[in-house]
Amino acid sequence: MKQYVTLTIDGAQVRAAKGASVLDAAIEYGICIPHLCHVPNLSDIGACRLCIVEQVSNGRAKVTTSCTLNVQEGMVILSNSEKIKKLRRNIAELLVAQAPNSKAVQDVAVRCGVKDVRYPFRHSDCVLCGRCVRVCTEMWGARALGFVGRGKDRHVDFPLGKREDFCKHCGSCIMLCPMTITPCKGPMKTGEEYLCGKCEAQLMITANRPDSCVWCELGKGFQCARYSQ
Amino acid sequence: MTKLNTTNDLEALRKQITAQRKNIRTTLTLCGGTGCQASQCRDVIDAVKGALGKHGLEKSVQVRISGCHGFCEQGPLMVIEPGNIFYCHIKPEDAQDIVSKTVMSGAVIERLLYVDPVSNKTIQTEADIPFYQAQDRQLLSQNRLVDPCSIEDYIAVGGYSALVKTLFQMTSGQVIDEIKTSGLRGRGGGGFPTGRKWADCQEAPGDEKYVICNADEGDPGAYMDRSVLEGNPHLVLEGMMIGAFAIGAAQGYIYVRKEYPLAVEHAKIAVQQARECGLLGENILGSRFSFDVEIARGGGAFVCGESTALMASLEGKVGEPRSKDVHTVEEGLWHKPTTLNNVETWANVPLIIKNGAARFAAKGTNNSKGTKILALTGRVKNTGLVEVAMGTPLRTVVYDIGGGAANGKAIKAVQTGGPSGGCLPVSKFDLPVDFDALYDAGSMVGSGGMVVMDESTCMVDVAKFFLQFLQDESCGKCVPCRLGVDRMLEIITTITEGQGKPEHISLLQELAETVQETSLCGLGKTAPNPVLSTLRYFPEEYAAHINHKRCPAGVCKPLITYAIDADNCKGCGLCLSACPLGAISGEKKQAHVIDQQRCNKCGICADECKSQAVTVN
Amino acid sequence: MSPTTLSSILEGRRSQPQQLVEVLQDVQESFGYIPEDAMQTVSKDLGVPLMEVYRVANFYKAFSLKPRGKHLITICTGTACHVRGAHLLLDQVNGQLGLEPGATTEDGFFTLERVNCLGACALGPVVVHNGNYHHHKTPNKLRKLIDSVRTTSKEETLP
């Protein structure tokens, strides 16, 4: 017998099953909270920090990731306050400055309101979202991929850095990876990275209802959870 | 070691030990802490024992190797009772004199006495040393009285009597209330009210609970926990036992960072001895309380000082923190309710139970009670471990205890709280050592590290140093910390290289606030503090670097040039042979020259030069 | 690598995944680094996926995946030591032995490591050589220490 709770997201009363995350509840209700590392049916780790929301209680607001926050009766959530918009934009700016060579990453940045990038572009081919690692570990138990190293050295690798024999060739990692979708104009050369800005037009559709899901094209590249339903 | 089955057994043992020691007329306490070990105290200890043996005094003179006294630069050091005579900078050759003159004849050896660097007076007794006098050494003074490898010493000074009171005169609820009333707040950096933490954990559902002692002390420049755990492990154990009783835990862990091998060893010995006499195990002293402790070693990761990362490490995994939407007091180690506290927090517990919460709360301020051990280091005359009542002004610590500036340079700032803290200028030195006061000023008490900086320290370089440290130690899981700290470091490095732009300041500020608000764990959340506090209090230094391409303190390498003043140079060649890059040339007795192409501004030549001929521009 | 030693390290810990960090600590102490075949054996005997063993071995600074030199020089770069010029010591070793932190000399003699605080802050700058602590080190004193280590070793290898 499923138990339900009622919480408030951006003023709207939302009913969600106990054990669901605030992000899950929002997506189901058509409230758009940008996310990158979240994949339905895989564990949530709160690594990309894009899905941050403000949880209001006792007159104080705490910033936390909605994917790791479980719904509770009477919870008050703000997913699109000015503060959250600014923080989210800054995080997306960091991401796209690190790995602009992916339509999916650029789309996330546009969705989060990034207009210009104030850091020198880098040419990383991985945003460390962990989707590949989690699908390999949790869906298939192959454990052929894992995060190795700390901080700046953190990267995805095989066991011992070379044991490809653990891989079962299912292709799930490639399917989920946001870096496999190249920009519309083709791959960017190292040293010539730029912010494309073309899909900004997509956002005009959402201009009147900024926090509602409108099945925009932006979610397709990184398989936003709404599309995965 | 006989097994103690009841409290009567414990009291009988205590009386027996005390009686046995009545015949000892003289006690020599030598410090055997890590600091003094580095000063080769082992050789001194052997020499002293040898000298005592030669005079047939091994039985009547007790030699106690204690833990750290906190006055490390004066080591190897010794305190002689009776007389409270304090000797420092002892060499093995001095052992003979110490035994024949002081021990046998009561004569004081002048050359071994401490000279106060402020007054230049020679001080004879430990009690008269200004560095100690200005402190309130509730915890540290106990280090002097026990050999950490001797449970008998601990019992002789009243050890485990708080445990007896807890087990047989109090309920778990009363223990928690006592800790709440005391106002004790976490000493590891978080400053969370300990009583509330224990209460939440005790109330959490589940009958398998854990207590953990966090001895991962990763803040560079902080070694309070090392000294307490190394010097008085039974005090920490007793605190953990009391806490475990209060919350209902039967198993505890002490997680010690690997870089403290002596602390690991002493903790292991203490646990072993406690087990042998039944103070750890089933039905302790005949009560219904059963408890055991295991020692675990850290693997070399600052992030493992964070509670969820530490627990992951204990579970045999990588030390990556997790989101704390569910607190560890409800779901911690192995997803069970866990109370994790710092070494110093645990060490305060037995005294609170023994002497009562009111006495503890009588010291300190409204919201910060008791005493705090600080590691005072940097550019002051007296460095070492300092224990003061909360509420003591920073000024008192830096000048009265620290003795003021070393090297005649003006003190500029004090950095408190390690990499999570901030830099406070001299104008803020009237602020008290108080959790809330320092937090509001943009710094924090943190674990207690206090580094004094003078005019030869570049505050932009300090921000860079801490960012480099945090970048090195970040686990890398979340974007704001991994990329945000990296970009902050990129911007600050640009500034120190003379390529900074005015808009960098506002970008740094905005990025710092983002990292603070959105990082997953405490490491990331506090990472911007050194940057934010230096921006707030030392904007003129940033302005000099950006607008004038100048480093006022003469530290940032790309902005300084090393040159040899031909007028002062004697041509002695010291710099030439010291330069690791061979960048200096010159004939004997003739002015030497630095090849600017080869020079990497390491400053070794300036260090070696005895004629003040090396200039920094 | 002696299979017996690894076996004795794993004694009493088989099928206990939570012992992974402690086991690797012992492997590091016994062999001076974590060999690949040790990781495979540990994975099998403790019941931990090889990917996890590799992750843990890479995460903690205490573990080295490459053999270390005969003489390990560790320089403390904590705040107190930094303020007293620990970076000068790094420059010294760089110039004298051509080593960056983490690297080993070609002849396998010296390895240089950095450590972020040893807790002997009042005595900085601190250098540890094969477990022996040296305090108040200056570049000059460090140069002499390195030279003396070389000389002593040469004397030991002479017939």
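# A tour of a three-chain model

B:Pro82 is placed in the loop between S3 and strand S4 (85-87) of chain B; helices (H or I, at least four residues) and strands (E, at least two) are DSSP runs, numbered from the N terminus. This is a predicted model, in which local features need pLDDT of at least 70 and side-chain atom pairs count only at pLDDT 80 or more, while totals for chains, interfaces and linings use all residues. Residues are numbered from 1 along each chain as its sequence is written, and chains are lettered from A and ligands numbered from 1 in the order in which they are written.

The peptide bond that leads from B:Glu81 into B:Pro82 is cis, its omega being near 0°. B:Pro76 belongs to the loop between strand S2 (61-66) and strand S3 (78-81) of chain B.

How is chain B divided into domains? The assignment, which is automatic or comes from a database, gives domain 1 (24-129), domain 2 (151-179 + 197-350), domain 3 (371-454), domain 4 (459-547) and domain 5 (561-616). Between the centres of domain 1 of chain B and domain 5 of chain B, taken over C-alpha atoms, there are 42 Å. The average pLDDT of chain B, the predictor's confidence in each residue on a scale from 0 to 100, is 93, and 100% of the residues score at least 70. Within chain B the highest confidence belongs to helix H12 (residues 233-247), at 98, and the lowest to H26(B), at a mean of 84. For the complex, the predictor reports an ipTM of 0.94 and a pTM of 0.92.

Chain B touches both of the other chains. Its contact with chain C, where two residues count as in contact if their C-beta atoms, placed from the backbone, lie within 7 Å, takes 47 residues from chain B and 41 residues from chain C. On the side of chain B, two or more residues each come from helix H2 (34-38), strand S9 (292-297), strand S11 (371-378), strand S15 (449-454), helix H19 (459-473) and helix H26 (604-608). Of these elements, H2(B) gives the most, with 4 residues. This side of chain B comprises 19 nonpolar, 17 polar and 11 charged residues; Ala, Val, Leu, Ile, Met, Phe, Trp, Tyr, Cys and Pro count as nonpolar, Asp, Glu, Lys and Arg as charged, and the others, Gly among them, as polar.

Towards chain A, 24 residues of chain B are in contact with 22 residues of chain A. H19, helix H20 (479-496) and helix H21 (503-518) of chain B each give two or more residues to this side, and H20(B) gives the most, with 7 residues. Here the residues of chain B divide into 8 nonpolar, 7 polar and 9 charged.

In chain A, helix H2 (residues 82-98) packs against helix H3 (residues 103-111) at an angle of about 155°, with the axes 9 Å apart. The axes are lines fitted to C-alpha atoms, for helices over the stretch in contact, and angles run from 0 to 180 degrees between N-to-C directions. H2(A) is therefore roughly antiparallel to H3(A), given that angles under 35 degrees count as roughly parallel, over 145 as roughly antiparallel, 65 to 115 as roughly perpendicular and the rest as oblique. A:Ala92, A:Glu93, A:Leu95 and A:Val96 of H2(A) meet A:Val105, A:Gln106, A:Val108 and A:Ala109 of H3(A). The residues of this contact are 6 nonpolar, 1 polar and 1 charged.

Chain C contains 7 helices and 4 strands, in the order α-α-α-α-β-α-α-β-β-β-α from the N terminus on. Its C-alpha atoms fill a box of roughly 50 × 45 × 25 Å along the principal axes. The domain assignment gives domain 1 (3-59) and domain 2 (71-157), whose centres, taken over C-alpha atoms, are separated by 29 Å. The mean pLDDT of chain C is 89, with 95% of its residues at 70 or more.

Helix H3 (residues 36-46) and helix H4 (residues 50-59) of chain C have axes that come within 9 Å and cross at roughly 125°. H3(C) and H4(C) are therefore oblique to each other. C:Met39, C:Gln40, C:Val42 and C:Ser43 in H3(C) face C:Leu50, C:Val53, C:Tyr54 and C:Ala57 in H4(C) across the contact, which has 6 nonpolar, 2 polar and no charged residues.
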